[in-house]
Amino acid sequence: MLVALFVVAGIVSPIFYRPQNIFNVLQQASALGVVSVGQTLVILSGGIDLSIASIMATSCVFAAALMAGKNSMVIPITLFCLAIGALAGFLNGIITTRRNAPPFIVTLGTALIFQGIRFVYTKGAPFGSIPSWLRFLGRGGIGFVPASVIIFLFLALVMEAILQRSAYGRKIYAVGDNKVAALYSGINVPNIILSVYALSGIFAAFGGLVLAGYLGFGDNWAGKGYELDAIAAVVVGGTSLAGGEGGMGGTVVGVLLITILSNIVLLAGLPYQFQQIVKGLVVAAAVIFYSFVKVSGERR
Amino acid sequence: MKQEEALRMVNISKYFPGVKALDRVTFTVNQGEVHALVGENGAGKSTLMKILAGALQPDEGEIYLEGEKVFIPTPQSAWERGISIIYQELNLLPDLNVVQNIFLGREHRGRLRVLSYSTMIREAESLLARVGVGIAPQTMVRNLSVAQQQQVEIAKALSLNAKILVMDEPTASLSETEVEKLFGIIRDLKSKGVTIVYISHRLEEVFRIADRVTVLKDGKCIGTYSIGELDRDKLVKLMVGRSFSETFPEKAKETGPMVVEVRNLSVPRILKNVNFSVRAGEIVGFFGLVGSGRTDLAKALFGFYPHYSGEIVVKGKTVKLHSPQRAIAEGVGFAPEDRKSEGLCLGLSVKDNCVMAVLDEMRSTFFLNRRRETGLVQKFVADLRIKTPHFYQRVQNLSGGNQQKVVLAKWLATRPDFLIFDEPTRGIDVGAKQEIYHLMRQLASQGKAILMISSELPEVIGMSDRIYVMHDGAIVREFGWGERVDEERIMYFAAGLHVER
């Protein structure tokens with residue numbers, strides 16, 4: 001599938017194969033990739049997180065304002081932003097588990113809260129700047145390979161290992177497949193759910209930093225639309241929205257697929273709005289494809 | 001009187017990847033008879049009925065309705081031909097009322113295409129009257145009992161002018177009186193010329209209600225018999241190729257030390273002053289009608305009611321069972337009543353389910369030790385004879401008996417001292433039942449204390465060394481070692497008749 005897309009991309013525009021373009025595509029895929037890793041965890045556990053874009057932007061704005069261009073501040077403020085992300089995710093998890101509220105609404109609501117906090121803090125106009133170290137995270141690279149994509153793939157790999165090989169990962173699958181049975185097996189279901197939202201918040205905050213490094217300034221709307229793109233990437237990657245089924249490998253493919261498609265649309269000279277149509281079509285195609293896979297799987 | 005043929009399915013075959021679910025099955029049903037379809041789980045009963053209902057297409061074979069060859073490509077076309085199926089899991093929408101459910105998708109409309117409620121209510125009333133039940137047509141289905149919901153489904157089938165009504169395990173979750181009522185309805189429908197195909201595991205019901213019986217085994221049709229030709233032993237033999245007398249394993253000869261002692265266990269509004277004990281090596285049966293608190297008792301022992309009062313002593317030590325995690329740590333295992341929704345993660349593999357309760361023990365450093373995991377699963381798959389093509393098979397693809405064994409494996413992996421089985425053989429075929437019984441007895445003789453909850457009296461009597469009868473959240477009678485018990489005596493206490501005296 002991905003290979004076919006590469007071929008099509010080359011036909012649409014030979015520019016696609018230029019190292020600079022490949023570099024750009026991978027760079028753009030990274031921020032989405034990082035937050036999609038978090039989203040995958042949440043969706044595997046049977047939930048959904050619509051607040052990640054808002055957490056990203058909040059993290060981006062705080063980074064610019066507090067780092068104020070000073071490299072010495074990069075590490076402490078990065079940790080601060082991740083802590084904010086964790087706290088935001090923790091809030092999502094607490095409301096979801098304690099009140100047994102639908103995560104769709106909970107995270108939609110908290111997204112607004114984080115957005116409001118961001119706007120109050122910046123009074124609508126973000127300030128500060130991004131120091132060069134963080135710029136390297138967003139823009140720099142080793143040869144043809146952007147630094148950010150290395151980090152994205154590393155995170156995906158680590159999380160995949162945790163999902164498949166650790167007790168914690170298996171519990172996420174169990175909770176996603178059947179919460180009641182997980183509870184009856186002595187798994188602390190609320191804690192697992194809480195933890196995936198906290199992780200998703202951390203990944204979102206980190207994605208916001210990657211994006212900040214890429215953009216070079218604090219943007220109140222950094223990462224706008226990433227929550228849905230991340231869900232799309234996860235679904236295209238074969239993870240079931242019902243939970244309990246899927247993995248990081250698919251998500252990596254899904255992220256690349258969606259980014260490359262957007263790139264092709266741009267290279268073909270079509271206006272930006274076409275990206276949305278194409279993304280929509282890909283998600284629809286993926287859902288239809290998996291529904292067939294599922295039916296043939298069940299007919300056993 | 002020569003009876004007309006209502007349905008003839010000829011040489012039906014159906015292949016699933018790797019399995020031949022049906023192998024040239026021929027199934028003939030006469031007009032106006034009650035025809036029982038029996039066989040072990042996985043024998044092909046549901047596949048055959050799904051083909052009749054248009055939910056599956058046969059790979060080979062033909063279907064004739066009243067002598068006429070038909071194709072049934074969709075469930076809609078089955079309804080149009082007068083075939084209705086009432087599945088074990090009832091298919092009503094809980095938040096709509098009875099009328100809305102009966103006429104779902106086929107609402108009567110008056111002028112301007114507006115729904116004409118009054119007509120529908122009138123018709124629903126007459127349908128319910130035909131079924132012979134007094135359910136108010138505007139009741140929310142959520143508020144109906146399972147039996148009543150089933151009656152609504154029957155009414156719905158009648159509104160579709162069902163000529164053939166298939167009932168899949170209709171009595172699985174009904175009480176004794178509700179079963180009587182259902183039989184009354186079935187006899188009534190029969191007298192009105194409706195043909196009924198009755199699928200059940202409960203053979204005594206088959207003998208009471210059926211005119212003829214067709215036995216399926218491993219996807220093949222063993223034969224069709226009129227009920228007079230058969231007795232219980234013979235039917236079981238046809239189904240499993242075993243004789244019925246060896247159903248229950250021998251009881252315990254001696255018991256070990258006290259494992260669990262419960263004193264004055266109370267949960268507000270649920271359990272009242274429950275006292276009992278279970279020793280190593282014995283199987284203690286709990287019987288009670290629906291609502292007697294038997295499952296709540298099990299849940300309390302497994303940490304689901306953290307605010308209980310009273311004392312639970314496990315192996316001489318008073319323990320606080322405030323969560324399932326705590327209960328497992330104290331050596332309690334619990335195979336819940338509903339395998340599919342509570343016992344298993346159906347979408348996950350045999351292996352994942354087997355190790356689910358011991359994931360934290362399977363670690364070496366941070367990651368799971370694969371060799372230890374596989375070793376464990378291998379051991380249980382072999383010990384319990386779980387039939388699965390490989391460890392990575394999703395448990396939803398296993399038969400009920402094998403699923404139950406996976407639940408058992410999950411608990412044995414925790415090396416429990418005390419095992420609670422809630423309805424261990426519900427929805428399991430005769431052959432697998434026996435295996436489960438023997439496994440339970442084997443576990444007891446290995447020194448485990450076993451508490452078994454069951455609503456099947458023969459099972460309680462056949463399996464238990466001692467029996468406690470529950471009624472209204474309390475234990476009302478204990479039948480001790482060697483004490484004479486029979487079904488009537490147990491039922492007498494379970495029904496609360498001793499109080500009214």
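Start by selecting B:Val262 and B:Ile312: B:Val262 stands opposite B:Ile312 in strand β14 of chain B. Keep in mind as you look around that this is a predicted model.

**The sheet in chain B**

Now widen the selection to the strands around that pair. Five bridges join β11(B) to β14(B), and these two strands run antiparallel. On to β12(B): strand β11, residues 258-267 of chain B, is joined to β12(B) by six bridges, again in an antiparallel arrangement. B:Val260 has B:Val278 of β12(B) as its bridge partner, and B:Met258 stands opposite B:Arg279 of β12(B).

While you are at these two strands, follow the chain through the turn between them. The hairpin of β11(B) and β12(B) has three residues between the strands, and B:Arg269 in this hairpin takes a positive phi near 65 degrees.

Next, show the whole sheet. Which order do the strands take? In this open sheet of four strands the order is β12-β11-β14-β15 in chain B, with antiparallel pairing. Select 271-279 and 317-319 of chain B to see the edges: β12 and β15 each have a single partner strand, so one side of each is left without a neighbour in the sheet. Turn the view to look across the strands, and you can follow a twist that averages 20 degrees from one strand to the next.

**Domains of chain B**

Zoom out and colour chain B by domain. The domain assignment gives domain 1 as 5-242, domain 2 as 247-331 + 416-501, and domain 3 as 349-415.

**Where the chains touch**

Bring chain A into view and select the contact between the chains. How many residues does each chain give? The contact takes 21 residues from chain A and 27 residues from chain B. On the chain A side, the elements that give two or more residues are α8 (167-177) and α9 (179-184) of chain A. The largest share of that side, six residues, comes from α8(A). Colour the chain A side by residue type and you will find eight nonpolar, six polar and seven charged residues.

**Chain A as a whole**

Along its principal axes, the C-alpha trace of chain A spans about 50 × 45 × 30 Å. Of the 300 residues in chain A, 49% count as buried.

**A last stop: helix α11 of chain A**

Select residues 226-236 of chain A. Is this helix buried or exposed? Of the 11 residues of α11(A), 10 are buried, so the helix is largely enclosed by the rest of the structure. Among the buried residues are A:Tyr226, A:Glu227, A:Asp229 and A:Ile231. Finish just after α11(A), at A:Gly238, which takes a positive phi of about 95 degrees.

Methods. Residues are numbered from 1 along each chain as its sequence is written. Chains are lettered from A and ligands numbered from 1 in the order in which they are written. This is a predicted model: local features need pLDDT of at least 70, side-chain atom pairs count only at pLDDT 80 or more; totals for chains, interfaces and linings use all residues. A residue is buried if 20 or more other C-beta atoms lie within 10 Å of its own, exposed if 12 or fewer, and partly exposed in between; C-beta atoms are placed from the backbone. Two strands pair if DSSP finds at least two bridges between them. Axes are lines fitted to C-alpha atoms, for helices over the stretch in contact, and angles run from 0 to 180 degrees between N-to-C directions. Two residues are in contact if their C-beta atoms, placed from the backbone, lie within 7 Å. Ala, Val, Leu, Ile, Met, Phe, Trp, Tyr, Cys and Pro count as nonpolar, Asp, Glu, Lys and Arg as charged, and the others, Gly among them, as polar. Domain bounds come from an automatic or database domain assignment.
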